[in-house]
Amino acid sequence: PSLLERELNIKLVSVLKRDFVEVGPGRYPEVNIIGKACQDGKEVWIIGEGKTQLKKRDVDKFIKTVNRVREVFSGEVLPLMVVYQVSPQVRRYAEQRGIRIYFSYQFPL
């Protein structure tokens, strides 16, 4: 939360947690990181995924999940991934698709 506030002026309204999101009857994709926030007076939903070693197929799968859950939330959606390791080309691939990448070491214990 402090990293999002410092970099993007995003303040959490709810706790970040792991949960399932109902996108339709009997359809509940799992989301590793989800929470409601506020950015410059606007509602923002943080949707995230955690991976040890990020690959392009992980990015593509995450984009599908974000697109599925985006429809059920009011406000803007901020997709992000928390990773331990990622190659430069996969990092660029994700960022070009609008996904913010954070490394696990950026978060205080």
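Helices here are DSSP runs of H or I with at least four residues, and strands are runs of E with at least two, both numbered from the N terminus. On that basis, this predicted model has a protein chain with 3 helices and 6 strands. Read from the N terminus, the order of the elements is α-β-β-β-β-α-β-α-β.

Let me turn to the overall dimensions. For 109 residues, a compact globule would have a radius of gyration near 13 Å, and the 14 Å of the protein chain agrees with that. Along the principal axes, the C-alpha atoms fill a box of roughly 35 × 35 × 25 Å. Of the 109 residues, 40% count as buried. Among contacts with a separation of 6 or more, 50% are accounted for by residues 24 or more positions apart.

As for the surface, the protein chain exposes about 6,800 Å², with carbon and sulfur atoms supplying 49% of it. The chain carries 19 positive and 13 negative charges, whose mean positions lie 5 Å apart.

I come now to helix α3, residues 88-96. Which residues of α3 are buried? They are V90, Y93 and A94. These residues cover an arc of only 95 degrees around the axis, which puts them on the same side of α3. In general, an α-helix has 3.6 residues a turn, so residues three or four places apart point the same way.

The buried residues of α3 pack against β4 (42-54), α2 (56-70), β5 (76-86) and β6 (100-103). On the face turned away from that buried side, α3 carries the exposed residues P88 and Q96. Just after α3, finally, G98 adopts a positive phi of about 85 degrees.

Definitions and conventions
Residues are numbered from 1 along each chain as its sequence is written. This is a predicted model: local features need pLDDT of at least 70, side-chain atom pairs count only at pLDDT 80 or more; totals for chains, interfaces and linings use all residues. Side-chain values use heavy atoms; hydrogens and water are left out. Buried means under 20% relative accessible area, exposed over 50%, partly exposed in between (1.4 Å probe, protein chains only). The arc is that of the directions from the helix axis to the C-beta atoms. Contact means heavy atoms within 4.5 Å. The radius of gyration is taken over C-alpha atoms; the globule rule is 2.2 Å times the number of residues to the power 0.38. Accessible areas come from the Shrake-Rupley method with a 1.4 Å probe; for residues, only the protein chains shown count as cover. Lys and Arg count as positive and Asp and Glu as negative; His and the chain ends are not counted. The place of a charge is taken as NZ of Lys, CZ of Arg, CG of Asp or CD of Glu.
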